[in-house]
Amino acid sequence: MAQTEAELLDNPVAGRPTLILRSPDFHSITEVVAGPVERPAPLGWWLCFIPSLALLGLLGVAVSWLFWEGIGIWGLNVPVGWAWDITNFVFWVGIGHAGTLISAILFLFRQKWRTSINRAAEAMTIFAVICAMTFPGIHVGRVWVAYWMFPIPNQMDMWPNFRSPLLWDVFAVSVYGTVSALFWYVGLIPDLAMMRDRAKTRTRKLVYGIFALGWRGSVRQWHHYETAYLLLAALATPLVLSVHSVVSMDFAVSVVPGWHTTVFPPYFVAGAIFSGFAMVLTLMVICRKAFGLEQIITLRHFDLMAKIMLVTGTMVGYAYATEFFTAWYSGNPYEMFTFLNRALGPYAWAYWTMVTCNVISPQLFWFKRARTSIPILFALSIVINIGMWFERFVIIVTSLHRDFLPSAWDYFTPTMWDVACLLGSFGLFFTLFCLFVRFLPMVATAEVKTVLPQADPHWPAGPERETMDGRAALRARGASAPAPEGAP
Amino acid sequence: MPFDSLRSLRAMPLLVNQLPTGPYYGALAEFATPADLYHACERVRDAGFTRWDAHTPFPVHGLEGAMGLRRSPLPWIVLGLGLLGAALGFLLQWWVHTAAYPLVISGKPYNAWPAFIPITFEVGVLFAALGAVLGMLGLNRLPMHHHPLFRSRIFERVTDDAFFISIESWDPRFDPSATPKLLESLGARRVELLES
Amino acid sequence: MIPERDRVALRPEQAMIPPGHAWNRIPAVGAVFALLGAVACAMLGAANPKQFFFSWLVSFLFFLSLALGALFFVLIQYAAQGGWGIVLRRIGETTFATLPVMALLFLPLLLGLRDLYEWAAPGAAEHDALLRWKAPFLNVTFFLIRAALYFGCWSLIALFYYRLSRGQDATGDPAVSARLRRLAGPAIIVLALTQTFASIDWIMSLTPHWYSTIFGVYFFAGSFVGFIALLSVVAVAMRRAGLLDTVISAEHLHDVGKLLFAFTAFWAYIAFSQFFLIWYANLPEETVWYMARLEGSWKTVSIVLMAGHFGVPFFFLMGRAVKRRGSTLAVGGAWLLAMHFLDIYWQVMPTLHPEGLRPSVLDVAALVTVGGCFVGAAGWLMRRQALVPLRDPRLAESLAFENA
């Protein structure tokens, strides 16, 4: 029995679900995305922007006081030399990874649904990396000699230690920030041209026009552009794996129990994608409502994102299980103590928060009802990010506060300046994100247009397109006879 | 063929502003759908035009084939630069740790090459990515903020929902009266003859 | 309506091995090799039982990893609702349906547990505090129970997916796909855990004092590369043999090539992570495993593995044309299969021959025996059913698949 295309598109077994709702044409996509940028900012935007700006101010105050007084204003001390500073660093770098996964890895896997969210996710990556980079920058103590980290000749003929993971971090995170920014910008060029062509004021036309580089949609240009996009995606994929692996090596190359374990690199990458997707989900739930993008960012997109969170969350759970088993299997008393201490020691409250948020709560995503319910998605995305922040905290602080020498054991307590820096970093992130949605199209319009059915030059069915070797031969053999009974 | 894309580099015009000598820049035709554009491109390609282009708001699948474009040489540029970057990254570390500032760290030899791998990889990716972006911009002759096509009134919708073919007047087969008629016959919604 | 171009239909007789075709003889050929190999193993193994058990372990793990990789591949295709690979899925199903046969091939190892595993030798724990500590886990009884559990889970999942997929050929029932998709998630979790502990039991415990949390992931990476390599070789061979040559196109080969390329890099990443972290911290309890593999001629093998399992294939499989042409892709696949075997050999053999690489005729005999059984079983399965899932709802999408 013949099925209509609509039925088929929503049949999850045989067809592919509709990605963009209500069958819009190309122009309405342009209008839906460009509209919010061209109209004055809604009240909701101000309600997000002003508090973010305030928190950014708090960050400025906290960092200034930090530079003036020194690291002592934080709660750090022997034996806990790293606490909230590096937790925040790893937290923000991790969040950034989802953007690259959506842009690059889902592109390589031909997942068309990524086009609705990749622009915002990539922007999120860049802003998250900026937030991340502030923490290693400010935690060095003598910020005025931070240039010693870079391989530039200096007055002491001194070079950085390239064999230290802390320096690999410098290179990895800065390369990651650069490549992400390049990837984001390259993707923006056609949309900037769209904004330029729609601009009503001279200033807008000038600014969008400069950054659009004179893009005119030439197919010869699209040709090189698409090749560059594919190559950037192919480069960004191993890059994102390497960056969080390098971050994990900050811990894993040491001999500290609970830190030195070989599974850290892939485990950290999985955790990063997990928390990053949660942040994308948080942002998208707000933005699609605020900017009327429900047609483009649909429940199907959220369903798929929730599935990815389920997968990566399960990988994190697998890593927990392997670490736990190996801690026993190794027979290493320090390793075993660390794990017992995590679960039952003074930081047990942090550990069990982490387990509840990271391992237990994402299991709700096995159920389709949870994956397609906006309130549950929003709540869980925040819970997961809290859990992932605690995971980094637990890894760092529980391993440091009680390691080999019991006489050096202590308990770390954050000060108000630790809290100020964390909240301030959220201020930095949301300020940048608010500015992004205000001035730039937050959906990759050109890419979304390509997933509409009418973008295919052979839709509706026209003359036979060039066949590839197999099907031509198949047809020649007379196999285009009616399909076997029952096949759709 | 693997080296096809390198040949396309040779075929590109060396001068950016090879402006036409006659009164016209060329003919511009607007099409309604990607399907119309696709079939029109095939006909224009088969008619033997060489100095022409199509313009779309988004990349249309298969259009490069319909236009007869060769593969882009960008992958070679990226590979070359990536390897160069990796080599430079490794060389820098090797030189620093064996010659410029050798220190015994963790009891390992000066040339502890496994420890050089992360930065080698990162610098390689950096150079490759820069190569991809700058290479793409170079091959596309961007930025090019001023182009005769921007003077057309109908061309504004190229970034929205309209599809165009432009045939430049210095194409040997261009004719100010025949070419617009040809484009109209291919199903163009509107045809414009642009002054130069 | 699905556009006409996507209605590429397949007559049932096109998708079976035609009677009289050379591939019908594969099961017999496999059986002959298995028999000859078994005789050689028995004769040579009687003289040198320890070598026999180690050689058998290597070959057993090699073919088992291919079957497990196949299972992962098919489960992930179901879970992600992948469309491109439907035409290749039957190859994966045939490969993992041999898991019950692998269970039988595991049995010879039970005779040699004491030769293989230091902790299984009676009285081992008396003089070794660490082995005493691990004894609740590393003891023969629990080991056997776990092995039964692994094979039980694997056979259950494999036969379930095999049976239902084959049943769908007759009924065309779309509900089967939906059911298999829903169960794929939990099945992957079970597979991941059992595979991890199997690799710990069978490979990691060869050096019982040693441990690495990434070891399960390392085994997975190797097994997945191994299966994709096998897939590329089999797909190309099938086309050459005139089976499915109009069904498997350059597009499918291209995608298989991309997977092969990507997972070769992934394997290198995991292998390097493990090595690097252990090398960097330089803790004797961890470095012992790598020290054994960097002594004497094992060092050469390590270098060959690095270059051969990653360096060369990475650059070879980078180009687009190489992946789209059957001859070049099959060369890459065959090479990586050999490298995967070398990887397993390198993981296992230094326990028996710490002094250096000592290839033995038993290595070949075991490979021929286990391989003969594996290939024979797979060949027999291939004859019993269609070579593609004839009535899979997404078959049309897979047949019409085109890379961007």
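The model is predicted: local features need pLDDT of at least 70, side-chain atom pairs count only at pLDDT 80 or more, and totals for chains, interfaces and linings use all residues. Residues are numbered from 1 along each chain as its sequence is written, with chains lettered from A and ligands numbered from 1 in the order in which they are written.

**Stop 1: chain B and its domains**

Select chain B, which is divided into domain 1 (23-72 + 143-195) and domain 2 (74-139); the bounds come from an automatic or database domain assignment. The C-alpha centres of the two domains of chain B lie 44 Å apart.

**Stop 2: the sheet of chain B**

Select the strands of chain B. Helices (H or I, at least four residues) and strands (E, at least two) are DSSP runs, numbered from the N terminus. Here 4 strands form an open antiparallel sheet in the order β2-β3-β1-β4. β2 and β4 (190-195) of chain B are at the edges with a single partner strand each, so one side of each has no neighbour in the sheet. On average, neighbouring strands of this sheet are turned by 20° against each other, direction ignored.

Next take β1 (residues 24-31) and β3 (residues 163-168) of chain B, which pair in the antiparallel sense over 6 bridges; pairing requires that DSSP finds at least two bridges between two strands. B:Leu28 stands opposite B:Ser166 in β3(B).

Then go to the loop between α5 and β3 of chain B, where B:Pro143 is found. A cis peptide bond joins B:Leu142 and B:Pro143, with omega about -5°.

**Stop 3: where chain B touches chain A**

Show chains A and B together: 57 residues of chain B are in contact with 56 residues of chain A (contact means C-beta atoms, placed from the backbone, within 7 Å). The elements of chain B that give two or more residues to this side are α2 (34-46), β2 (52-55), α3 (63-67), α4 (74-100) and α5 (117-139). α5(B) gives the most, with 13 residues. By class, this side of chain B has 39 nonpolar, 12 polar and 6 charged residues. Ala, Val, Leu, Ile, Met, Phe, Trp, Tyr, Cys and Pro count as nonpolar, Asp, Glu, Lys and Arg as charged, and the others, Gly among them, as polar.

**Stop 4: a helix pair in chain C**

Select α7 (residues 140-171) and α8 (residues 174-202) of chain C, whose axes come within 10 Å and cross at roughly 155°. Axes are lines fitted to C-alpha atoms, for helices over the stretch in contact, and angles run from 0 to 180 degrees between N-to-C directions. α7(C) is therefore roughly antiparallel to α8(C) (an angle over 145 degrees). Among the residues that meet are C:Phe143 and C:Trp154 in α7(C), and C:Leu180 and C:Phe197 in α8(C). The residues of this contact of α7(C) with α8(C) divide into 14 nonpolar, 3 polar and 2 charged.

**Stop 5: two loops in chain A**

Select A:Pro79, in the loop between α3 (43-69) and α4 (84-108) of chain A. A cis peptide bond joins A:Val78 and A:Pro79, with omega about 0°. Move on to A:Asp157, in the loop between α5 (118-138) and α6 (165-198) of chain A. A:Asp157 has a positive phi of about 55° although it is not a glycine.

Technical notes:
Two residues are in contact if their C-beta atoms, placed from the backbone, lie within 7 Å. Angles under 35 degrees count as roughly parallel, over 145 as roughly antiparallel, 65 to 115 as roughly perpendicular and the rest as oblique.
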